[in-house]
Amino acid sequence: MKALLKKDIFVLIRQMRMFLVMIVVFSVLPGMNMSIFAIVYCGMLPYTAMAYDERSKWTQLAAMMPYTPGDIVLSKYALGWLAVGFATALSAVANLILGHFIPSGYDSSLSGMLPSFCIGLIMIAVTLPPMFRFGVEKGRMFFILLIVVLACGGAGLVQGVVGSDEEVPAALNAFISLGVPALAVVLTAVSIPLSVAMYKRQKYA
Amino acid sequence: MNAIEMKHVNKSFGDFAIQNLDFALPQGAICGLVGENGAGKSTTIRLIMHALRPDSGEISVLGVDNASPEFQQVKEDVGIVLDEAYYPETLNAKQVGSVMADTYQRWDAAVYEGYLKRFDLPPKKFFKDYSRGMTMKLAIAVALSHSPRLLILDEATSGLDPIVRDEILELFSEFTRDPGHSILMSSHIVSDLEKLCDYIAFLHKGQLRFCAEKDALRDEYGIVSCAKAQLADLPAEAVCGVEQSPYGARVLVRRALVSSAFQIERANIEDIILFLVKGEKNA
């Protein structure tokens, strides 16, 4: 798996310089929305790596090399986790530093970082199985659909729970700080074996 | 022991099928897998490496069933070169070496660097800027740098100029000086296979038409050049293919079945294959 991860990093660093600069910029911009944007962006890096694999036909060669289907699948998850972790860490450090320089009204707490990190993991867990089954082109459609559902569903949830009152109720807070991480763990645990099965199905199709 | 053994292998894709493929590559031998485009050569190679699952039949590589978990370890002993290198185009040779060092347990960086020097491959030039010859040389350097016992080459010499092809064939010939090393090499450049191989396997429309020692094939078949009127004098069972022109006929025959009254020329492998394919089309 280390070899595959290394290969993806070599490819992404070379191909995605501007993309990586944007991730760094969004990570350090003040405000949680920008951090979430950077983290979601990072969650998309495995699809980019898969698209390059497809373009170079690497997947055909890899199927004949001493990589197990588990290696091939896990390397993409690990890439996503590393990228999401990197953006989260960068945002956290930037938040702490900015908190010292922006005198008032700036929320420098790290409370939003864990849920943001977990949203990145959820995105990876939900979107990678269809990518392994249908390829990146068709899989991306699924990703767009997911984003629309999450955006509408999230807005609806907040609107329904918070209503016109600006105060965030304790239940929603509890869901964000406990429910989202739990959901990330459960979805990841289900997603990995599903992706391995999808990869095998596509490979032997 | 056979380096590769396929028994009654079938694989259907709807409009194309590999049918009842029985094939063996003895250890220490070089076998050329020949056939026109779409004959099933690449599919056969994917089946051998378990990148495709057969509908039925058994395949073993270096004595291990390729559907078994142990086959994962056998892949360490197999060097693969496909018709293109299939490495991401933004990698350079140095990075490819670094990735392969974490892929193969017996990766030998010194051997790899030796091949890069021998092939004049710049280690830091991006793969996308390589010529086709350089691309294939890189793939061959990778395949030979982890001490393989078996090389599987899919159209590894196609599209290369004769000088590079000759250089690469020489390298394969060096590889098989070790009696434990074997090569399966698919190509539609029959002259390359004829130069290098001990065995020739001819695949046509997904079926193995023959797999035999190259010299035995040359001994078995011959070509008779005669007038069209003389065709009837040849025993029907001896005739494998006929090529007619306004000036006469050339006939691929089984030497043993033709009387000494006919002058029989030596047939090369390309003649044999062309006559067999044309014979079938004209039938």
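Predicted model: local features only at pLDDT ≥ 70, side-chain atom pairs only at ≥ 80, totals over all residues.
Colleague: Why is α1(B) largely enclosed by the rest of the structure?

Modeller: Start with the cut-offs: buried means under 20% relative accessible area, exposed over 50%, partly exposed in between (1.4 Å probe, protein chains only). Six of the eight residues of α1(B) are buried, so the helix is largely enclosed by the rest of the structure. The buried ones are B:K41, B:T43, B:T44, B:I45, B:L47 and B:I48.

Colleague: Take B:T44 in that helix. Which residues does B:T44 touch, not counting those up to four places away in sequence?

Modeller: Contact means heavy atoms within 4.5 Å. By that rule B:T44 touches B:M6, B:I18, B:L21, B:L33 and B:L203, leaving out residues up to four places away. B:T44 has a relative accessible area of 3%, so it is buried. A polar atom of its side chain lies 2.6 Å from the backbone oxygen of B:G40. As for B:T103, it is 59 residues from B:T44 in sequence and 24 Å away in space, C-alpha to C-alpha.

Colleague: Now a strand residue. Does B:S60 count as buried or exposed?

Modeller: B:S60 has 19% relative accessibility, so it counts as buried. It is found in strand β4 of chain B, residues 56-61. Its contacts, apart from neighbours within four places in sequence, are B:A3, B:I4, B:E5, B:D65 and B:N66.

Colleague: Zoom out. How is chain B divided into domains?

Modeller: Domain bounds come from an automatic or database domain assignment. Domain 1 of chain B covers 2-205, and domain 2 covers 217-282. Their centres, taken over C-alpha atoms, are 34 Å apart. Eight residues of domain 1 and nine of domain 2 make up the contact.

Colleague: How much area is buried between domain 1 and domain 2 of chain B?

Modeller: Buried area is the accessible area (1.4 Å probe) that two parts lose on being put together, summed over both. Here it is about 770 Å², with 70% from carbon and sulfur atoms. On the domain 1 side, B:V190, B:E194 and B:F202 lose the most area to domain 2 of chain B, together 59% of what that side buries.

Colleague: How many salt bridges are there between domain 1 and domain 2 of chain B?

Modeller: There is one. The rule asks for a side-chain nitrogen of Lys or Arg within 4 Å of a carboxyl oxygen of Asp or Glu. The side chains of B:E194 and B:R218 meet in a salt bridge at 3.0 Å, N to O. In domain 1 of chain B, α7 (190-196) and β9 (199-204) are the elements that give two or more residues to the side touching domain 2.

Colleague: And the partner chain. How many helices and strands are there in chain A?

Modeller: Chain A has eight helices and zero strands. Of its 205 residues, 44% count as buried. Look at its contacts between residues at least 6 apart in sequence: 75% join residues at least 24 apart.

Colleague: How many residues of chain B are in contact with chain A?

Modeller: 29 residues of chain B are in contact with 23 residues of chain A. The size of an interface is often given as the accessible area lost when the parts come together. Chain B and chain A bury about 2,700 Å² between them, 62% of it on carbon and sulfur atoms. B:Y86, B:T90 and B:D102 supply 21% of the area that chain B buries against chain A, more than any other three residues.

Colleague: How many salt bridges lie across the interface of chain B and chain A?

Modeller: The rule finds four. The side chains of B:E89 and A:R55 meet in a salt bridge at 2.5 Å, N to O. On the side of chain B that touches chain A, α1 (41-48) and α3 (93-101) of chain B each supply at least two residues. α3(B) gives the most, with four residues.

Methods. Residues numbered from 1 in each chain as written. Chains lettered and ligands numbered in written order. Heavy atoms only, no water. Polar contact = N/O pair within 3.5 Å; in protein donor to acceptor, adjacent residues only side chain to side chain.
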